[in-house]
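Open the structure in your viewer and keep the selection tool at hand. Each stop below tells you what to select and what to look for there.

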Amino acid sequence: PITWVGQLSSNYYNIAGDCTYLPTAYAEQGEAYGSTNRQVASEGGAQLVEQTVAFINEMFGSPETVMVSHTDEKAVYTGSWAKKQDSGAYGHTRTEVSEKGAAVEFTFTGTGVKWFDTADTDKGIAEVYIDGKLVETVDEYNELLLYQSEMFRATGLENGEHTIRIVCTGEKRTSAAGSKVGVDFFVVESQ
């Protein structure tokens with residue numbers, strides 16, 4: 001298993017190829033954490049490291065896990081979605097929308113699916129459906145800009161064809177600057 005493959009820098013949290021970055025606000029000089037020469041100093045930073053390590057192990061440790069870009073032909077969009085250039089996103093692009101009722105449907109074959117996007121202060125609330133059934137309401141808001149954040153996961157599905165549908169509600173929490181909902185990529189599990 002991989003314990004830590006990245007570095008701490010002044011960039012926002014980002015997984016890009018074989019590098020992982022955390023904001024310097026979460027780090028200080030100190031003893032090694034994993035294979036780096038720094039340690040995480042806050043609970044938030046430790047959580048990011050833990051999530052990053054879990055993500056990397058999952059992505060590269062299992063041949064039954066596949067990342068699928070938001071641009072894949074199996075992702076079907078309705079509404080006014082906009083493609084955004086974003087160096088922190090998987091493939092350096094992602095899509096987003098703030099139009100109420102705009103949706104994306106992604107059909108996959110497997111036993112689980114995960115939806116990833118960038119969390120930020122201008123993000124809003126989405127409804128998530130699996131095979132036509134509302135299973136969760138997700139708030140993409142975060143006080144810090146976090147690239148490639150897991151927004152939702154469904155596991156333990158019967159092996160076969162399924163559809164995840166993400167719908168922009170046009171709603172947001174009071175502190176949010178907007179109601180955007182986005183897609184960076186999906187992860188499909190087949191076990």
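This is a predicted model: local features need pLDDT of at least 70, side-chain atom pairs count only at pLDDT 80 or more; totals for chains, interfaces and linings use all residues.

**Stop 1: three rings**

Select Tyr-90, Phe-116 and Phe-185, which form one aromatic cluster. A pair of aromatic rings is described by the distance of the centres and the angle of the planes. The count for the model is 5 aromatic pairs.

Begin with Tyr-90 and Phe-185. Their ring centres are 5.2 Å apart and their planes are at 55°, a tilted pair. Where in the chain do the two partners of this pair sit? Tyr-90 is in the loop between strand S7 (82–85) and strand S8 (93–97), while Phe-185 belongs to strand S16 (residues 185–189). The two are 95 residues apart, so the pair links distant parts of the chain.

Is Phe-185 buried or exposed? Phe-185 counts as buried, because its relative accessibility is 0% and the limit for buried is under 20%. Tyr-90 has a relative accessible area of 32% and is partly exposed.

Phe-116 lies in strand S10 (residues 112–119), and Phe-185 in strand S16 is 69 residues away from it, another link between distant parts of the chain. Both Phe-116 and Phe-185 are buried.

**Stop 2: a buried glutamine**

Select Gln-148, in strand S13 (residues 146–154). With a relative accessible area of 5%, Gln-148 is buried.

**Stop 3: a sheet of three strands**

Show strands S7, S8 and S15 as a cartoon. They make an open sheet of 3 strands in the order S7-S8-S15, paired antiparallel. Which strands stand at the edges? They are S7 and strand S15 (181–183); each has a single partner strand, so one side of each has no neighbour in the sheet. On average, neighbouring strands here are turned by 35° against each other, direction ignored.

Finish on the S8 and S15 pair. These strands run antiparallel and are joined by 3 bridges. Select Glu-96 and then Gly-182 in S15, which stand opposite each other.

Notes:
Residues are numbered from 1 along each chain as its sequence is written. Side-chain values use heavy atoms; hydrogens and water are left out. Rings of Phe, Tyr and Trp (its six-membered ring) pair if their centres lie within 6.5 Å; planes under 30 degrees apart count as stacked, over 60 as edge-to-face and the rest as tilted. Helices (H or I, at least four residues) and strands (E, at least two) are DSSP runs, numbered from the N terminus. Buried means under 20% relative accessible area, exposed over 50%, partly exposed in between (1.4 Å probe, protein chains only). Two strands pair if DSSP finds at least two bridges between them. Axes are lines fitted to C-alpha atoms, for helices over the stretch in contact, and angles run from 0 to 180 degrees between N-to-C directions.
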